[in-house]
Amino acid sequence: IKNQLFSIKLIEKTTYNLVIYGKIKDVKYYEQLKKYLKLNNLENRVSFIHNEKNIQNVLGDFKLGLMSSISESGPLVLIEYLAQSLPFVANKTGQVANILSDDLPFFVDDFNLDKWLDKMEQVIDYDATNLQGYYYKYFNPSDYINKCIEIYKRIESY
């Protein structure tokens, strides 16, 4: 579902490198990815990091985020990108994408490599100074905490 092979094929057509964060959930798929990297001489351009506990600390090291998942309910990674003012290119799937897609030019609605490449070139130099504004507008932690407190108070009053 995370569709990392698509991201690898995308990067293969560019001069960029790719870092994929996350635990191995499917060993067979992971081995397929590693085999693809070896067969296509991409081992020096694509790396996997499986033990990062605080992704927010490292997102500032990147120029662009990718979210090529086929299906997600969140996807929370887009909120993480916004929180760190990181432009991204993402499949338009899930509630977060639905909320942001009217405001931000980062979404693609299919898996056509050329469309993704074009979108990457459009947003790689996006002025990210306002991205945190969208984070606070739609996903402000204080607002979330206040909603939780309201729910707690309603439960308490029963």
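Mentor: Contact here means heavy atoms within 4.5 Å. The model under discussion is predicted.

Trainee: Which residues does leucine 104 touch, not counting residues up to four places away in sequence?

Mentor: Leucine 104 sits in the loop between α4 (95-100) and β5. Its relative accessibility is 4%, and buried means under 20%, so leucine 104 counts as buried. Leaving aside residues up to four places away in sequence, its contacts are Leu82, Tyr126, Leu131 and Tyr134.

Trainee: How far apart in space are leucine 104 and proline 87, C-alpha to C-alpha?

Mentor: In sequence, 17 residues separate leucine 104 from proline 87. In space, the C-alpha to C-alpha distance between the two is 9.5 Å.

Trainee: Why do the buried residues of α5 line one face of the helix?

Mentor: The buried residues of helix α5 (residues 113-123) are Trp116, Leu117, Lys119, Met120 and Val123. Viewed down the axis of α5, these buried residues line one face because they fall within an arc of 165°. In general, an α-helix has 3.6 residues a turn, so residues three or four places apart point the same way. For α5 the value asked for is the arc, 165°.

Trainee: Which residues are exposed on the other side of α5, and which elements do its buried residues pack against?

Mentor: On the other side of α5, the exposed residues are Asp114 and Gln122. The buried residues of α5 pack against α1 (4-12), β3 (65-67), β4 (88-91) and β5 (107-108).

Trainee: At the start of α5, which backbone nitrogen does a side-chain oxygen of asparagine 112 reach?

Mentor: The contact is found at the start of α5, where asparagine 112 supplies a side-chain oxygen. That oxygen comes to within 2.8 Å of the backbone nitrogen of aspartate 114.

Trainee: Is tyrosine 158 buried or exposed, and what accessible area does its nonpolar patch have?

Mentor: Tyrosine 158 belongs to the segment after α7 (141-156). Its relative accessible area is 82%, and exposed means over 50%, so tyrosine 158 is exposed. Together with Ile151 and Ile155, Tyr158 forms a nonpolar patch on the surface, whose accessible area is about 410 Å².

Trainee: How many helices and strands does the protein have, and what percentage of its residues count as buried?

Mentor: From the N terminus on, the elements run α-β-α-β-β-α-β-α-β-α-α-α. The secondary structure comes to seven helices and five strands. Of the 158 residues, the share that counts as buried is 40%.

How values were computed: Residues numbered from 1 in each chain as written. Predicted model: local features only at pLDDT ≥ 70, side-chain atom pairs only at ≥ 80, totals over all residues. Heavy atoms only, no water. Buried < 20%, exposed > 50% of the residue type's maximum accessible area, 1.4 Å probe, protein only. Helix = DSSP H or I, 4+ residues; strand = E, 2+ residues; numbered from the N terminus. Arc of directions from axis to C-beta. Polar contact = N/O pair within 3.5 Å; in protein donor to acceptor, adjacent residues only side chain to side chain. Patch = residues over 30% accessible without salt bridge, like charges linked within 9 Å, V, L, I, M, F, W, Y side chains within 5 Å. Areas by Shrake-Rupley, 256 points an atom, 1.4 Å probe, with all protein chains shown as cover. Salt bridge = Lys/Arg side-chain N within 4 Å of Asp/Glu carboxyl O.
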